Amino acid sequence: MPSETPSRIVQTLARQGYNAEREAVTLLANASNPAATIEAVVEAADDDALRLTAEDVRACLAQREPVADPPGVDANATQTHADANATSTNTTGSTQPSQPSVSTGDKKTEKDLQKPESPPEKKRLSDTDRKETTSTAKSPPERTPSPAEITGDITGRSTGTGKYSQFVTTFRDRYERLSKLLRSRVNHRPASAIAAMPGGSEAELVGLVNDIRSTASGHWLIELEDTTGTFPALVMKDRPIAELVDELLLDECVAVQGTLSDDAGILFTDSIHFPDVPRTFRPNTADRHVQAALISDVHVGSQEFMADAWNRFADWLHTNEAEHVEYLLIAGDMVEGVGIYPNQDEELDIIDIFDQYEAFSEHLKSVPGDLEIVMIPGNHDAVRLAEPQPGFDEELREIMSAHDPRITGNPSTVAIEGVSVLMYHGVSLDEVIAELPSDKASYDEPHKAMYQLLKKRHVAPQFGGHTRVAPEEKDYLVIENVPDIFHTGHVHKLGWGKYHNVLAVNSGCWQSQTDFQKKVNINPDVAHAPIVDLDTLEMTVRKFA
Ligand code: D5M
Ligand code: FE
Ligand code: ZN
């Protein structure tokens, strides 16, 4: 009967300085006396071993429990497998922590144990793993996530000093890259040239939204700016396109097409175009069955951090049912942080920021060591608040080095198994939700707010509002290439859907309702793990609350 959970096993090993293969953890969890077996395995391990292998554990089990696996273990294996199957059909219902899979009873595995030359563990590309691989050269093959390729990451490239001229550079870059997307659809002219055209001409203009005002009679006056100047576009309130004005945010890039007034001082607008994702977009998919868990907003250090739910999630990742989950993406807010919101300290469980990261790191150790982990920071993390946010600094990376996560900036695009995932924490979602009508974006349907960002091809279009934006020599927040998956968090609500074939997923959180959220009636979606099939971009959600 399994007497320990995988996450507790991992934590026990970590305290003694060891990492362990997923199968090793499973074997230990199901040993008749896990504590004694751990002790024996650690004792038998080479002095310089960093990672315990399934083979190490089997060798100890064979000595300690020389009888072939007792029938009890086998029966239990069947039982746990059945449990796992039962929960897999109930993808949105409450998931009981499934017991770890048991491979001890597997004849083939038993034979492997005897094989002196099982193939070497395949490796990921990190330095740590290279080291570990050497010490585990005889372990059986393990799951082999390929390393994530990262693009659009500001980390180490920030040149911004906050000068006004740099904002101009950032906006110029935004305009250049987004207007390019629109130029194929409209035959645009510069604002200065339009002003010189004869009245009554047809004209098309691409610009950043500088101002949106309603006129005395309720029409809309939108001022657009390009690199040559500004020009006003009038949208009549009774035209169907007036509805699109509701969707406009300041500083986003749009194209307008219409007819100039007699004095060529204003454009009567017939259509508004967004850079958008082409409807014909076809996402890339993985060429094998492999899954990624997309989470965010762990908030370790908060009194509301749900450690038990996290442990159930970590335990589930160790089960057979999760065997195809090879990637764990975390879209920001690893910890609760300090001084983020007024009176936040009253709800802190851990008051020191480094201690919070230490605790987060301990929780990260509970997930299988062979998961490829990618993480970006959020607004609660200890990096600069202004976006684009660089990845964690050396000191924090050192603290979170278990499992050797890929640490990158917010936002970043990560290519896994040929599928590109745009990861963005999501602070601008608050703004999109506040500014747009509720059928276009709401906390209950956060994915719809994400659709707006895709449509605008920018993760944080509006400057100078709630979302802090730092000037850089290029606008890292432009969505230049359409991602296959768009992953955000921040609003602590779960929602997903497809926009022009892009899968948009907003993960929930691992923090129960805070006092602030109670006051403003935010009901967070806690302890859900959205799991994406990278070969089909189908989604299932596991609940661990
Ligand atoms: O924020 C989680 C969500 O809750 C996000 O939509 C912002 C909102 N939130 C939470 N606390 C506050 C305070 N104190 N003021 C304003 N908005 C708040 P996260 O930043 O991920 O904790
Ligand atoms: Fe958060
Ligand atoms: Zn946040």
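Predicted model: local features only at pLDDT ≥ 70, side-chain atom pairs only at ≥ 80, totals over all residues.
Now please keep an eye on D333, as we move over to the metals. The zinc ion, ligand 3, has four protein donors written here with their atoms: D333 (OD), N379 (OD1), H425 (NE2) and H490 (ND1), and they lie 2.1 to 2.3 Å from the zinc ion. Along the chain, these donors follow the spacing D-x45-N-x45-H-x64-H. D333 also bridges the zinc ion and the iron ion, ligand 2, with the two ions 3.1 Å apart. Why do I mention D333 and H490 as a pair? D333 sits in the loop between β10 (325-331) and α12 (353-365), while H490 sits in the loop between β15 (485-488) and β16 (495-499), so together they tie up parts that are 157 residues apart in sequence. Are these two buried or exposed? D333 is buried, at a relative accessible area of 1%, and H490 is buried too, at 8%.

On to the nonpolar cores. The largest one has 41 residues, and the members that touch the most others are F313, I330, F360, M375 and W510. Several elements each supply at least two residues of this core, including β9 (291-295), β11 (372-376) and β18 (528-533). Which element gives the largest share? That is α11, with 6 residues. If you click on F360, you'll find that, leaving out residues up to four places away in sequence, F360 touches V298, V300, I330, M334, V335, M375 and M400. Another core, of 27 residues, lies apart from the largest one, and L422, V469, F486 and V491 are among its members.

One last stop: T514, in the loop between β17 (502-506) and α16 (515-519). Although T514 is in a loop, its relative accessibility is 10%, which counts as buried. Again leaving out residues up to four places away in sequence, T514 touches E304 and E347.

Key:
Residues numbered from 1 in each chain as written. Chains lettered and ligands numbered in written order. Heavy atoms only, no water. Donors = N, O, S within 2.8 Å, 3.2 Å for Na, K, Ca; no water. Helix = DSSP H or I, 4+ residues; strand = E, 2+ residues; numbered from the N terminus. Buried < 20%, exposed > 50% of the residue type's maximum accessible area, 1.4 Å probe, protein only. Core = buried A, V, L, I, M, F, W, Y, C linked by side-chain atoms within 4.5 Å. Contact = heavy atoms within 4.5 Å.
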